[in-house]
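Q: I want to learn how to read helix packing and a ligand shell. Can you take me through an example?

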Amino acid sequence: MGYCFKDLTATCQEDWRRYIEHDFVRALGTGTLDQNAFRCYLQQDYLFLIHFARAYALAAYKSRTLSDLRQAKAGLSTILDTELELHIGFCREWGISETDLAALPEARETLAYTRYVLEAGHRGDLLDLHVALAPCLIGYAEIAAWLNEQPTTVRGAANPFDAWITLYEGPEFQQAMLDEIAWLDARLAEVGPRRFQELSQTFSEATRLEVDFWQMGLDQRG
Ligand SMILES: Cc1ncc(C[n+]2csc(CCO)c2C)c(N)n1
């Protein structure tokens with residue numbers, strides 16, 4: 001008995017590093033990412049976020065305490081009021097309206113990842129759902145922090161993708177990451193080996209789906 005969040009990343013260390021330090025992320029940091037790759041990613045991420053908002057609504061439904069309900073509501077609000085604004089803002093500059101975005105076909109990577117997380121939440125309990133959501137929430141905050149540590153990262157007007165880094169390095173996302181780690185640490189402390197094995201499988205699957213999502217952007221498949 002007794003695990004913590006770090007044990008989840010430890011069981012899929014290689015995939016976790018492939019996700020955090022993906023070539024898409026590196027090029028975003030240096031500002032050299034192909035504009036079309038970024039646009040493809042951001043358009044698909046708009047569709048992705050709509051389904052992730054539904055996943056947070058599912059987390060609200062699966063909550064047994066007011067505290068868990070508030071946490072799910074905070075995730076849902078952040079997606080709708082903060083994150084999607086970045087996507088809509090970038091797309092507006094490119095002449096792509098919200099109607100255009102909503103009409104886009106979902107790439108297979110978007111379908112696979114979003115439906116995987118929703119299915120994990122439907123099948124399991126609130127902990128299964130949080131573990132499926134963890135690579136997304138904790139990963140992006142870690143990526144922004146990692147980018148800031150890299151000497152090659154360009155910040156400010158010289159990097160066309162600076163607004164992306166600014167969003168995820170911001171206090172709202174960094175605090176949400178710490179809260180999520182604390183929430184998971186408390187639950188995982190009560191878990192036995194067989195249950196941990198199930199959870200770590202969900203976590204590593206979601207991590208691999210994040211890697212595929214970056215790769216979709218690089219390959220401009222969205
Ligand atoms: C593929 C993909 N993975 C993770 C995120 C980041 N993200 C999505 S929902 C959420 C939590 C509430 O805002 C966070 C941090 C993204 N945008 N796209």
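A: Start with the ground rules. This is a predicted model: local features need pLDDT of at least 70, side-chain atom pairs count only at pLDDT 80 or more, and totals for chains, interfaces and linings use all residues. Residues are numbered from 1 along each chain as its sequence is written.

Q: Where does UniProt place the domain?

A: UniProt positions use the numbering adopted here, feature names are shortened, and annotations may be inferred rather than shown by experiment. The unreviewed entry puts "domain: Thiaminase-2/PQQC" at residues 13-219.

Q: How much helix and strand do residues 13-219 hold?

A: Helices (H or I, at least four residues) and strands (E, at least two) are DSSP runs, numbered from the N terminus. Residues 13-219 are 82% helix and 0% strand. The end C-alpha atoms lie 24 Å apart.

Q: Which residues come nearest the ligand?

A: A residue is near a molecule or strand if its C-beta atom, placed from the backbone, lies within 6 Å of it. Of the 14 residues around the ligand, Thr-78, Cys-136, Leu-137, Tyr-140 and Phe-213 come nearest. At least two shell residues come from each of helix 4 (35-61), helix 5 (66-93), helix 8 (126-149) and helix 11 (193-219).

Q: How do the shell residues divide by class?

A: Ala, Val, Leu, Ile, Met, Phe, Trp, Tyr, Cys and Pro count as nonpolar, Asp, Glu, Lys and Arg as charged, and the others, Gly among them, as polar. The shell has 9 nonpolar, 2 polar and 3 charged residues.

Q: At what angle do helix 4 and helix 8 pack?

A: Axes are lines fitted to C-alpha atoms, for helices over the stretch in contact, and angles run from 0 to 180 degrees between N-to-C directions. Helix 4 and helix 8 pack at about 150 degrees, with axes 10 Å apart.

Q: Are helix 2 and helix 11 roughly parallel or antiparallel?

A: Angles under 35 degrees count as roughly parallel, over 145 as roughly antiparallel, 65 to 115 as roughly perpendicular and the rest as oblique. Helix 2 (residues 13-20) and helix 11 pack at about 30 degrees, axes 9 Å apart. They are therefore roughly parallel. Helix 4 and helix 8 are therefore roughly antiparallel.
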